[in-house]
Amino acid sequence: MKSIVIDVHTGRSEVVRDLTPECAKFAADIGGDGLLHVFVPHATAGIAVMELGARSDDDLLAALRDLLPADDRWRHAHGSRGHGRSHVMPAMIAPYATVPVLDGRLTLGTWQSIALVDLNVDNPDRQVRLSFLADPS
C-alpha cells in the first residue's frame, strides 16, 4: 500500500471541494490496478462521490442546511453557531470513499467526482489521506 496526505484549504465557509484531480494524479503516478481509498481524518468533514458542477454541489450544501440547520439546537455547542451539526454530518456523509483503479485510472462514472464536504467554518485547513492498495499480481 502507498499513502500520501494532501493539505486542503477549505476557507471559512461551507464547501464541497473537488479532490478528483489530486486523486487521479496519485493513482496515475502509482499506475496499475487496485483501490484508491480517500479518508479525511477530521470529525467534521466527509468524502462524497457525486456529480460536481451543474450546481449539484450547491444542492448538496442546501440539503445539508435543511437537514442540519446552523442554529442553537445542538448540544455540542462550542465554536460558531450551529457547530454541532458539523459533528453530525459525517454520520450522513462518511469520512471516506473507495474507488477502483484500472491501469492507473480512476474508474469513476461519467459524471462522478470525489469531493471533500466540509460544513465547519471554524477550521479552514484540512488534511486528506490518499491510500492506494495495489493488486499484487
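1. **Ground rules.** Residues are counted from 1 along each chain as its sequence is written, and side-chain values use heavy atoms, with hydrogens and water left out. Since the model is predicted, local features need pLDDT of at least 70 and side-chain atom pairs count only at pLDDT 80 or more, while totals for chains, interfaces and linings use all residues.

2. Start with the open sheet of 5 strands, ordered 1-8-3-5-6 with antiparallel pairing. (Strands are DSSP runs of E, at least two residues, and helices are runs of H or I, at least four residues, numbered from the N terminus; two strands pair if DSSP finds at least two bridges between them.) Strand 1 (2-9) and strand 6 (105-106) are at the edges with a single partner strand each, so one side of each has no neighbour in the sheet. Further in, strand 3 (residues 34-39) and strand 5 (residues 96-102) are antiparallel and share 6 bridges. One place to look is phenylalanine 39, which sits opposite tyrosine 96 in strand 5.

3. You'll find leucine 36 in strand 3. Is it buried or exposed? Leucine 36 is buried, at a relative accessible area of 0% (buried means under 20%, exposed over 50%, partly exposed in between, with a 1.4 Å probe and protein chains only). Neighbours within four places in sequence aside, leucine 36 has contacts that include Cys23, Phe26, Val99, Leu106 and Leu130 (contact means heavy atoms within 4.5 Å). As for isoleucine 93, it is 57 residues from leucine 36 in sequence and 18 Å from it in space, C-alpha to C-alpha.

4. **Serine 131.** Serine 131 belongs to strand 8 and counts as buried at 9% relative accessibility. Its side chain makes a polar contact of 3.0 Å with the side chain of serine 3. (That term covers a pair of N or O atoms within 3.5 Å; within protein, one must be able to donate a hydrogen and the other to accept it, and residues adjacent in sequence count only if both atoms are side-chain atoms.) Leaving out neighbours within four places in sequence, serine 131 also touches Leu36 and Phe26, among others.

5. **Strand 7.** Strand 7 (residues 113-118) runs antiparallel to strand 4, with 6 bridges between them; it also pairs with strand 2 in the antiparallel sense, over 4 bridges. Valine 117 of strand 7 is the bridge partner of glycine 46 and stands opposite valine 16. How many of the 6 residues of strand 7 are buried? The count is 6 of 6. Ser113, Ala115 and Val117 point one way, with Ile114, Leu116 and Asp118 pointing the other. In a regular strand, side chains alternate between the two faces of the sheet.

6. **Helix 1.** Thr20, Cys23, Phe26 and Ala27 are its buried residues. These cover an arc of only 130 degrees around the axis, which puts them on the same side of helix 1 (the arc is that of the directions from the helix axis to the C-beta atoms). The face turned away from them carries exposed Pro21, Lys25 and Asp29. After helix 1 comes glycine 31, with a positive phi near 75 degrees.

7. **Helix 2.** Ser56, Leu60, Leu61 and Leu64 are buried in helix 2. Seen down the axis, they fall within an arc of 145 degrees, so they line one face of the helix. They pack against strand 2, strand 4, helix 3 (84-88) and strand 7, whereas Asp59 and Asp66 are exposed on the other side.
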